[in-house]
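Subject: Structure handover

Hello,

Here is the structure I promised to pass on. My notes on it follow below.

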Amino acid sequence: MRVELSSKRLRSDFVKKIAELSGQNLYLCYQCGKCSAGCPMGFAMDILPNQIMRLVQLGLEEDIANSKTVWLCASCLTCTVRCPRGVDLSRVMEALRLLTLRKNKNYVEPSKMPPETVADLPQIALVSGFRKLTS
Amino acid sequence: MDLAYYPGCTLKTRAKNFETSALAAMSALGINLVELPRWNCCGTVYSLAEDDLIHHVAAVRNLIRVKEQGKNKVVTLCAFCYNTLKRANLVMKDSPDKRYAINIFMDEEPDYYGEVETAHLLQVLRDDVGWEKIAGRVKHPLKDLKIVGYYGCTLLRPQSVAIDSVERPTILQDLLKALGGTAVDFPFATECCGAFQIVNNRDIITERTAAILGSAAKSGAEALAVSCPLCEYNLRQTQSSTKQPQSGVPVMPALYFTQLMALAFGLDLAVCGFEENSPETRAWLKNKGLIS
Ligand code: SF4
Ligand code: SF4
């Protein structure tokens with residue numbers, strides 16, 4: 001993964017915000033990649049979970065915003081239980097989603113879902129899906 | 001013995017067969033699961049943001065309802081409810097600042113300090129009933145049935161709420177053995193099925209379930225025992241939406257562990273609600289001579 005570093009792109013307020021929302025010490029991550037190795041959604045992600053961690057450390061907010069990764073995370077917590085540094089990456093993913101959702105932007109538009117799908121899905125799918133992917 | 005029971009929304013609508021089979025199987029073991037007279041949706045997922053206390057309120061209210069019954073333990077069947085209630089309780093127990101804010105916010109409720117333990121039914125079976133007693137109740141051993149225990153996420157993660165070893169759980173296999181079945185180990189037992197991503201991206205879920213079912217088939221299993229209604233839905237729906245047999249995704253029945261208990265105990269088949277399972281599941285049960 002190539003990233004361009006410059007003081008113009010670095011957003012230190014963004015790093016602070018993610019640290020606060022997630023309650024995680026982001027600089028504990030030493031890029032071992034164990035989170036990505038076990039991530040069940042990794043196959044569909046354009047940026048892998050460990051790369052997200054690196055981008056967060058570097059304050060590269062836009063690179064993360066341009067990626068689908070945080071919206072593919074299923075909050076399965078596999079990364080959480082395996083990180084050798086004790087980073088709860090699922091919380092970092094949640095914090096990143098909330099940066100968008102709290103601006104009143106939906107990732108999934110419930111009104112655009114086919115009515116047959118909505119009628120068929122169990123409540124736990126709908127409620128948890130909307131909790132994670134809508135504002 | 002009476003135990004306070006929290007059903008949650010999905011067991012009242014899309015997973016009725018989970019509830020009816022569980023109530024009957026437990027009563028055969030001398031345990032009454034007594035539904036809370038008042039309860040609300042737990043919120044389904046635990047909030048992972050530090051400042052998001054409002055989403056713990058729904059779960060905590062349910063725990064207060066349990067306390068009102070004079071009980072200090074509540075049993076769940078749905079793996080999502082289990083996780084959410086249990087984690088919300090840890091907040092109330094271990095984080096004084098958050099507890100204070102939540103108690104102040106719910107000024108119409110009595111203060112709550114995390115006194116109620118949430119237990120999943122599998123824990124009750126292992127720790128309170130015991131495998132031997134369960135084996136003793138079996139009338140029709142599930143012999144010749146090769147089944148994998150599929151755990152998914154929420155019974156095992158995070159570590160603080162895990163009902164068994166996070167990476168190598170055996171509780172479902174132990175139950176299957178007590179029921180006289182052959183418990184097959186498989187490497188995808190604790191892998192995520194994609195969960196709520198089903199609302200957004202069915203193809204991704206199909207890739208996940210294909211991997212899980214493929215691994216189970218390769219390990220020599222014929223069926224999966226599950227405990228999460230969302231896993232059950234994702235496994236069932238993506239199997240039927242997958243174009244068989246071109247995709248190479250094996251068709252494999254998924255049953256709630258409580259349905260297998262009811263079968264092994266020789267209970268009235270009506271409690272199993274097999275009509276809510278997939279047609280393939282019913283065909284397999286028929287083939288095995290378990291239903292007519
Ligand atoms: S497992 Fe932990 S330390 Fe390793 S890359 Fe992922 S977040 Fe960083
Ligand atoms: S919580 Fe998200 S990032 Fe972590 S392993 Fe699961 S899907 Fe991947």
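Leaving aside neighbours within four places in sequence, B:S21 is in contact with B:T258, B:Q259, B:V271 and B:C272 (contact means heavy atoms within 4.5 Å). B:S21 sits in helix α1 (residues 16-28) of chain B. Helices are DSSP runs of H or I with at least four residues, strands are runs of E with at least two, and both are numbered from the N terminus. B:S21 is buried, with a relative accessible area of 0%. Buried means under 20% relative accessible area, exposed over 50%, and partly exposed in between (1.4 Å probe, protein chains only). A polar atom of the B:S21 side chain lies 2.6 Å from the backbone oxygen of B:N17.

Before going on, the ground rules. This is a predicted model, in which local features need pLDDT of at least 70 and side-chain atom pairs count only at pLDDT 80 or more, while totals for chains, interfaces and linings use all residues. Residues are numbered from 1 along each chain as its sequence is written, chains are lettered from A and ligands numbered from 1 in the order in which they are written, and side-chain values use heavy atoms, with hydrogens and water left out.

Next, the sheets. Four strands of chain B form an open sheet in the order β2-β1-β3-β4, with parallel pairing. Two strands pair if DSSP finds at least two bridges between them. The edge strands are β2 (32-35) and β4 (117-120) of chain B, and each pairs on one side only. From one strand to the next, the twist averages 45°. Strand β3 (residues 73-76) of chain B pairs with β4(B) over four bridges, in the parallel sense. B:V75 has B:A119 in β4(B) as its bridge partner.

Helix α2 (residues 57-68) of chain B packs on this sheet. It touches β1, β3 and β4 of chain B, and its direction makes about 125° with that of β3(B). Helix α1(B) lies across β1 (2-6) and β2 of chain B, running at about 135° to β2(B). Angles run from 0 to 180 degrees between N-to-C directions; axes are lines fitted to C-alpha atoms, for helices over the stretch in contact.

Further along chain B, strand β5 (residues 146-149) pairs with strand β6 (residues 182-184) in the parallel sense, over three bridges. B:K146 stands opposite B:T182 in β6(B). Three bridges also join β5(B) to strand β7 (residues 223-226) of chain B, again running parallel. There, B:I147 has B:A223 of β7(B) as its bridge partner.

Now a helix pair. Helix α5 (residues 121-129) and helix α10 (residues 257-264) of chain B pack at about 50°, with their axes 11 Å apart. That makes α5(B) oblique to α10(B). Angles under 35 degrees count as roughly parallel, over 145 as roughly antiparallel, 65 to 115 as roughly perpendicular, and the rest as oblique. B:L121, B:L122 and B:L125 of α5(B) meet B:F257, B:T258 and B:M261 of α10(B).

Two more residues to look at. B:I171, in helix α7 of chain B, is buried, with a relative accessible area of 0%. Its contacts beyond four places in sequence include B:L122, B:R126 and B:W131. B:N103, in helix α4 (residues 96-105) of chain B, is buried at 8%. The side chain of B:N103 reaches the backbone nitrogen of B:Y112 at 3.0 Å.

Best wishes

Conventions. A polar contact is a pair of N or O atoms within 3.5 Å; within protein, one must be able to donate a hydrogen and the other to accept it, and residues adjacent in sequence count only if both atoms are side-chain atoms.
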